[in-house]
Amino acid sequence: MAHDKNFLLTTAVISTITGVVEKESRVVERISDAEHAVMEVLWNQAPLTAQDVAERIGPDRDWTANTVKTLLGRLLAKQVIAHEADGRRYLYRPLVARNDYVERESRRMIDRLFGGKLTPLVAHLAERDALTDDDIAEIEALLKGLKS
């Protein structure tokens, strides 16, 4: 039970503080930032064609449909998305839920950088004035909820 509470706290605090993403346990390879942008589109709406994804990526990336198709191919190879034929085009959908991805990446970061402990991460952010009053209030509310 305590492990479950610690796990929930870890996931909630990391998501609140850093916005880190995570992946499901079956995902062996990490995904790049560019691949992550494609995943965010598919997590928001799926199934989509490569052209649909390219249109939703946003003008700041200035990616062509071919660039998106390359990224979709990489994600297919990593088995984080699936596709199905729809006439002469393919429809893509995620195989990994965003929450599962966030959970896994958060744990990976905490393990790698902070020895698996949440307290050093919070201390690190606090020492560098990286926590706003709103962040602190959210953390306090999460901790209070876990104590109840």
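Analyst: In this predicted model, the axes of helix H3 (residues 50–57) and helix H4 (residues 65–77) come within 9 Å and cross at roughly 110°. Axes are lines fitted to C-alpha atoms, for helices over the stretch in contact, and angles run from 0 to 180 degrees between N-to-C directions. H3 and H4 are therefore roughly perpendicular to each other, a term for angles of 65 to 115 degrees. Helices are DSSP runs (H or I, at least four residues), numbered from the N terminus.

On the H3 side, the contact (heavy atoms within 4.5 Å) is made by Ala50, Gln51, Val53, Ala54 and Ile57; H4 contributes Ala65, Val68, Lys69 and Leu72. By class, seven of these residues are nonpolar, one is polar and one is charged. Here Ala, Val, Leu, Ile, Met, Phe, Trp, Tyr, Cys and Pro count as nonpolar, Asp, Glu, Lys and Arg as charged, and the others, Gly among them, as polar.

The structure also holds two aromatic pairs, meaning rings of Phe, Tyr and Trp (its six-membered ring) with centres within 6.5 Å. Trp43 and Tyr101 form a tilted pair, 5.5 Å centre to centre with 45° between the planes; planes under 30 degrees apart would count as stacked, over 60 as edge-to-face. This pair links distant parts of the chain, with Trp43 in helix H2 (residues 33–44) and Tyr101 in helix H5 (residues 98–114), 58 residues apart.

Residues are numbered from 1 along each chain as its sequence is written. Local features need pLDDT of at least 70, side-chain atom pairs count only at pLDDT 80 or more, totals for chains, interfaces and linings use all residues, and side-chain values use heavy atoms, with hydrogens and water left out.

Key
Helices (H or I, at least four residues) and strands (E, at least two) are DSSP runs, numbered from the N terminus. Angles under 35 degrees count as roughly parallel, over 145 as roughly antiparallel, 65 to 115 as roughly perpendicular and the rest as oblique.
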